[in-house]
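Dear colleague,

Here is the structure I said I would pass on. My notes on its aromatic residues follow below.

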Amino acid sequence: MDFTPTEEQEAARELAARIFTDLATHERLRAAGTATDAELWKALCAAGLPGAVEETGLLGLVLLLEEHGRVTAQVPFAASCVYGVLGVARHGTDEQRARLLPGLRDGTTVVTGAFPAPRAVSSRDGRLSGTVDWVPWLRDATHVLVPDDSHALWLVRTEDAARVDPVELTAPWSAGRLVLDGTAGERLGTADAYADVLTAARIAFAGLQAGVCAGSLARAVAYTSVREQFGRPLSTHQAVQLRAADAHMDTEAIRVTAYEAAWRFDEALDATGAGVTAAWWASEAGKRVVHAGQHLHGGMGADLDHPVHRHFLWGRQLDAYLGCGTELLAELGDLLAEGAPS
């Protein structure tokens with residue numbers, strides 16, 4: 001396996017890093033509150049980054065999401081790329097791709113996903129009924145990808161839903177409660193589409209968690225290098241160094257497992273087990289890292305307005321999204337018992 005980015009992937013990552021760094025500043029994030037930054041989303045789409053994912057693959061998306069997570073930018077980039085761009089490109093018909101992908105590339109169409117599969121949603125003759133308690137970025141979405149209770153995938157226009165109620169999560173993800181009552185849905189893909197999209201989503205959001213953790217650790221390193229205690233910087237104390245070193249190793253574990261899983265996915269190898277492994281590291285190691293980042297800030301870490309607190313909130317939200325550590329470990333155990341090759 002080779003995780004070295006291609007020229008196209010590296011160019012896309014560098015462009016994303018510049019846009020996120022320039023626009024996702026602490027001041028702008030504070031002003032946005034829990035809403036999405038429309039100007040940042042427009043800039044990302046004008047630069048062609050959502051569309052670039054079709055060429056750079058899931059590994060390319062993971063690289064972009066690292067930059068996204070590093071600054072905790074409030075845009076539906078992760079959801080629309082994995083549930084929309086990749087989902088439609090991989091599982092849509094020729095007609096669906098021709099109709100939906102142009103809007104997904106320029107940001108006028110935003111897709112999110114009601115994942116993992118909600119047991120409460122049923123379908124009959126192409127119409128869906130049931131309630132999904134929370135869907136990330138639903139308030140920004142034009143469409144939502146909904147699995148029914150038999151894991152068939154349906155693309156539903158949010159304007160056709162019976163109701164979309166705003167929901168506030170731990171992280172400011174513009175979430176909503178989705179209520180369907182005989183709502184028309186458009187079938188996407190065949191019977192194996194759900195497992196494929198779930199695996200891609202777990203890998204993508206593990207990449208996002210790697211960025212969140214890297215950003216949290218970078219802030220902790222910068223802070224402890226200038227904050228003095230007993231006449232010398234906090235970073236010179238062995239206990240601080242060890243805590244930061246553990247957080248660094250955890251961050252690298254999240255990153256490398258996400259890279260491996262994304263590489264397997266792009267190479268059309270079985271990536272199910274690798275995706276669960278990446279998600280487990282994102283959950284278990286991710287919460288350790290963001291707790292360490294807040295702890296290393298001392299009293300400043302308790303300030304709800306401090307940038308590191310946003311990383312903490314994102315890390316805890318990602319810890320529980322698409323399966324928490326114990327659930328994922330049980331799922332991985334089942335795969336190993338079945339002899340899954342990955």
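Aromatic contacts

R187 lies over the face of W154, 5.7 Å from the ring centre. A charge is taken to sit over a ring if NZ of Lys or CZ of Arg is within 6 Å of the ring centre and within 35 degrees of the ring normal.

This is a predicted model, in which local features need pLDDT of at least 70 and side-chain atom pairs count only at pLDDT 80 or more, while totals for chains, interfaces and linings use all residues. Residues are numbered from 1 along each chain as its sequence is written, and side-chain values use heavy atoms, with hydrogens and water left out.

Searching the whole structure gives ten aromatic pairs. Rings of Phe, Tyr and Trp (its six-membered ring) pair if their centres lie within 6.5 Å; planes under 30 degrees apart are stacked, over 60 edge-to-face, and the rest tilted.

One of the pairs is W134 with Y321, tilted, at 5.7 Å centre to centre and 50° between the planes. W134 is in strand β3 (residues 127-135) and Y321 in the loop between α10 (307-320) and α11 (325-338), 187 residues apart. Helices (H or I, at least four residues) and strands (E, at least two) are DSSP runs, numbered from the N terminus.

Y321 also pairs with F205, edge-to-face, at 4.9 Å and 85°. F205 belongs to helix α7 (residues 193-226), 116 residues from Y321.

Y321 is buried at 5% relative accessible area, and F205 is buried at 4%, whereas W134 is partly exposed at 30%. Buried means under 20%, exposed over 50%, and partly exposed in between (1.4 Å probe, protein chains only).

W134, F205 and Y321 belong to one aromatic cluster that also includes W137, W173 and W314.

Regards
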